Amino acid sequence: AGAAGVAALLAEPHHFVGKKNVGTLLCGGNIDARLLSSILMRGLVRDGRLVRIRSELGDLPGTLARYSDVIGKAGGNIVEVHHQRMFLDVPIKQTEIDTMMEARGADHVRDILEALNEAGFPSRLLTD
């Protein structure tokens with residue numbers, strides 16, 4: 001709806017020729033907040049700023065904290081973690097973690113993956 005005025009200007013410019021001042025109101029006040037949120041989040045995914053990674057961790061006390069610390073020190077921001085150890089084909093005393101995280105872009109994601117792998121948490125990107 002916010003683009004309707006601009007559409008009218010573009011579609012029928014002859015109606016506005018010679019007018020002293022012509023303006024149009026641009027707004028998005030009636031857009032569904034959930035739709036807007038979905039659009040923005042998909043943009044972050046396309047830009048490589050919101051990614052999912054899968055990592056292998058030992059199922060021992062404190063391991064998840066150390067894993068999170070590596071991501072934080074590398075500048076990543078964890079948004080969501082799915083900790084799976086029962087239903088996947090993982091060895092006993094091992095777990096797989098799917099982590100959704102924010103990063104600054106593809107280079108930053110590579111740096112975080114490198115830091116995780118160097119810290120002993122084999123990790124790979126799940127999103128393109």
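How far apart do the C-alpha centres of domain 1 and domain 2 lie?

## Overall layout

The C-alpha centres of domain 1 and domain 2 lie 42 Å apart, where domain 1 covers residues 3-43 and domain 2 covers residues 47-125 of the protein chain, the bounds coming from an automatic or database domain assignment. This is a predicted model, in which local features need pLDDT of at least 70 and side-chain atom pairs count only at pLDDT 80 or more, while totals for chains, interfaces and linings use all residues. Residues are numbered from 1 along each chain as its sequence is written, and side-chain values use heavy atoms, with hydrogens and water left out.

The secondary structure comes to four helices and four strands, which follow the pattern α-α-β-α-β-β-α-β along the sequence; helices (H or I, at least four residues) and strands (E, at least two) are DSSP runs, numbered from the N terminus. The protein chain is more spread out than a compact globule, because its radius of gyration is 23 Å, well over the 14 Å that the globule rule gives for 128 residues; the radius is taken over C-alpha atoms, and the rule is 2.2 Å times the number of residues to the power 0.38. Along its principal axes, the C-alpha trace spans about 75 × 30 × 20 Å.

## Burial and contacts across the chain

Of the 128 residues, 25% count as buried, a class that means under 20% relative accessible area, whereas exposed means over 50% and partly exposed lies in between (1.4 Å probe, protein chains only). Among contacts between residues at least 6 apart in sequence, 65% join residues at least 24 apart, with contact meaning heavy atoms within 4.5 Å.

## The packing of α3 and α4

Helix α3 (residues 63-73) and helix α4 (residues 106-118) pack at an angle of about 145 degrees, and their axes are 9 Å apart; the axes are lines fitted to C-alpha atoms, for helices over the stretch in contact, and angles run from 0 to 180 degrees between N-to-C directions. From α3, Y67, V70 and I71 meet I112, A115 and L116 of α4. The residues of this contact divide into six nonpolar, no polar and no charged, where Ala, Val, Leu, Ile, Met, Phe, Trp, Tyr, Cys and Pro count as nonpolar, Asp, Glu, Lys and Arg as charged, and the others, Gly among them, as polar.

In helix α4 is also D107, which counts as exposed at 52% relative accessibility. D107 and E56 are 51 residues apart in sequence, and their C-alpha atoms are 22 Å apart in space.

## Selected residues in loops and strands

T24 lies in the loop between α1 (4-11) and α2 (33-46) and counts as partly exposed, at 32% relative accessibility. Leaving aside neighbours within four places in sequence, T24 is in contact with G5, V6 and L9, and its C-alpha atom is separated by 9.8 Å from that of A7, 17 residues away along the chain.

H83, in strand β2 (residues 77-84), is partly exposed with a relative accessible area of 35%, and touches T95, E96 and I97 when residues up to four places away in sequence are not counted. D59, in the loop between β1 (50-58) and α3, is in contact with R85, K93 and Q94, again leaving aside its neighbours within four places in sequence.
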